[in-house]
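Let us walk through this structure together, one piece at a time.

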Amino acid sequence: MSSRFQLGPKSQAFADTALDHVWHPCTQMKDHESMPIIPIAKGKGIWLEDFDGKRYIDAVSSWWVNLFGHSNDFINGKIQEQLSNLEHVILAGFTHQPIVDLSKRLVEKAPQGLTRCFYADNGSSAVEVALKMSFHSYRNKGQHKKTRFISISNGYHGETLAALAVSGVALYKEIYGPLLLDPIEVPSPDSYYRPEGVSPAEHAREMFKHMEAALEEHHETVCAVILEPLIQCAGGMRMYDPEYLRLLREACDKYGVHLIADEIAVGFGRTGTFFACEQADITPDFLCLSKGITAGYLPLSVVMTNEKIYQDFYDDYETLKAFLHSHSYTGNPLACAAALATLDLFERDNVIEENKKLAKVMADSTAHLIDHPHVGDVRQTGMVLAVEMVKDKKTKEAYPWQERRGLDVFKYALNHECLLRPLGNVVYMMPPYVIQPEEIQLLAKVMTDGINAVTAK
Ligand code: PMP
């Protein structure tokens, strides 16, 4: 089934010009011979609108960044205020009000003990920072054998080379293999594959045995374990039990290995708590944050770490122990102002509590899908809800990726006012928190109709 999708005349003209010069990310550009690129003229709340007034609900929060809707009046105002004072300044040797305020507030919010904030300007760079900082801190203590990382299969940490190396999604990684670091990869605790009758917590404990074995064998050469707490997002919104994180924290302490929690996608309330690590009551050694940190307004990322690691670098200049990493736009004041406004909104609107009601609407409006003959799983953690389409419900055999059925749901949804960009055979919603219950119900209906249409053939 290939549901035809057509733009109006103004949008089509704009799209044609766009394709003359813009090389789009994560895209086989030839696809756009048969599928238009969609030009967005404006956004308000959860709605995006093209040049002909055609509208779409941004069900994926524009790659998981948007929290409080597009063109949010409160955040707009705070950025404008900052804009009239200071747009940017070098962060080496200089500092500014928004970054000081933001760091203080992040330390208050983060798991206990994360007192130091190192900034970059996108998620992948935050991961690079955490990997380098972990390695370098051991180096500064004379532990030169520690040069490797442990990663989890099907994980995703970005697409710069080191972040890609510790990722496990073949689609993004395989071709660049010859350029990459060589991490030790252990199997994911993904609950999707748990045997029948086994609880997610039991499955996590079982799968942790692989991690324990890897740590036991390699801890002398390993700097850190890196993982996405609770949801492997780019890996298809695969979810696992917090028990795994609890066990991992204990084992990392036992073996003298750092724990890097990549909450770039899951932080800022996505999993139902402000940070996913809260659900396991753990403090990682490094917490990577980006995406929602500015509610989807401006690029910013931060790596939070503890006092001990900070002290591993703190010494006289001549010891050459300083951390060596910088980006031109590090700690941009406008981005920090957006981040401060984001934290204000969480407090002002009691967002974490209010989201529980929305999460319930998400669950209720999609619950019927579990009985669908081509749905293998309907899973949810907080404000992320995913539906996995399968060829065979019993065996969970996947549809061949070449059939691109998820993409067909996407095309169907575009014709019904929804932006439901899939991950392979997984259709999901991860909406901005300003979505209304009836809009969630509309998304669920379009999702259901789309899945019906593309699995009928
Ligand atoms: N880590 C995770 C968990 C992510 O989901 C992403 C982005 N999807 C990244 C890192 C990379 O962030 P960025 O795209 O900003 O480089």
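Keep in mind from here on that the model is predicted. Strand β2 covers residues 47-49 and strand β3 covers residues 55-58, and the two run antiparallel, joined by 3 bridges. To find the pairing by eye, look for E49, which stands opposite R55 in β3.

Strand β3 has another partner as well. With strand β15 (residues 418-419), β3 pairs in the parallel sense over 2 bridges. Here D58 has L419 in β15 as its bridge partner.

Now step back to see how the chain is divided. Its domain assignment gives domain 1, made of 9-71 + 350-455, and domain 2, which is 75-348. Between the C-alpha centres of domain 1 and domain 2 there are 26 Å.

Let us look at an open sheet of 7 strands. Reading across it, the order is β4-β12-β11-β10-β7-β5-β6, and the pairing is mixed. Its edge strands are β4 (114-120) and β6 (184-186), each of which pairs on one side only. Ignoring direction, neighbouring strands of this sheet are turned by 20° against each other on average.

Which way do β10 and β11 run relative to each other, parallel or antiparallel? Strand β10 (residues 258-262) and strand β11 (residues 286-289) run parallel, and 3 bridges join them.

Helix α4 (residues 97-109) lies across β4 and β12 (301-306), and runs at about 135° to β4. Helix α5 (residues 123-140) lies across β4, β5 (148-152), β7 (222-227), β10, β11 and β12. The angle between α5 and β12 is about 25°.

Another open sheet has 3 strands, in the order β13-β14-β16, and its pairing is antiparallel. Its edge strands are β13 and β16, each pairing on one side only. From one strand to the next, the twist averages 15°. Strands β14 and β16 run antiparallel and are joined by 4 bridges. Look for L385, which stands opposite M429 in β16. This sheet has a helix across it as well: α14 (residues 437-455) lies across β13, β14 and β16, running at about 170° to β16.

The size of an interface is often given as the accessible area lost when the parts come together. How much do domain 1 and domain 2 bury between them? The figure is about 2600 Å², with 62% of it on carbon and sulfur atoms.

Several elements give two or more residues to the side of domain 1 that touches domain 2: α2 (61-64), α12 (351-366), β13 (375-381), β14 (384-389) and β16 (426-429). Of these, β13 gives the most, with 5 residues. The count of salt bridges between domain 1 and domain 2 is 1. Find R238 and E388, whose side chains meet in a salt bridge at 2.8 Å, N to O.

Finally, let us follow charge pairs through the whole structure. In general, side chains of opposite charge can pair when their charged atoms come close. The structure holds 26 salt bridges. One more to look up is formed by R205 with E243, where the closest N and O atoms are 3.1 Å apart. This pair links distant parts of the chain, with R205 in helix α8 (residues 200-218) and E243 in helix α9 (residues 243-255), 38 residues apart.

Terms used: Residues are numbered from 1 along each chain as its sequence is written. This is a predicted model: local features need pLDDT of at least 70, side-chain atom pairs count only at pLDDT 80 or more; totals for chains, interfaces and linings use all residues. Side-chain values use heavy atoms; hydrogens and water are left out. Two strands pair if DSSP finds at least two bridges between them. Axes are lines fitted to C-alpha atoms, for helices over the stretch in contact, and angles run from 0 to 180 degrees between N-to-C directions. Contact means heavy atoms within 4.5 Å. Domain bounds come from an automatic or database domain assignment. Buried area is the accessible area (1.4 Å probe) that two parts lose on being put together, summed over both. A salt bridge is a side-chain nitrogen of Lys or Arg within 4 Å of a carboxyl oxygen of Asp or Glu.
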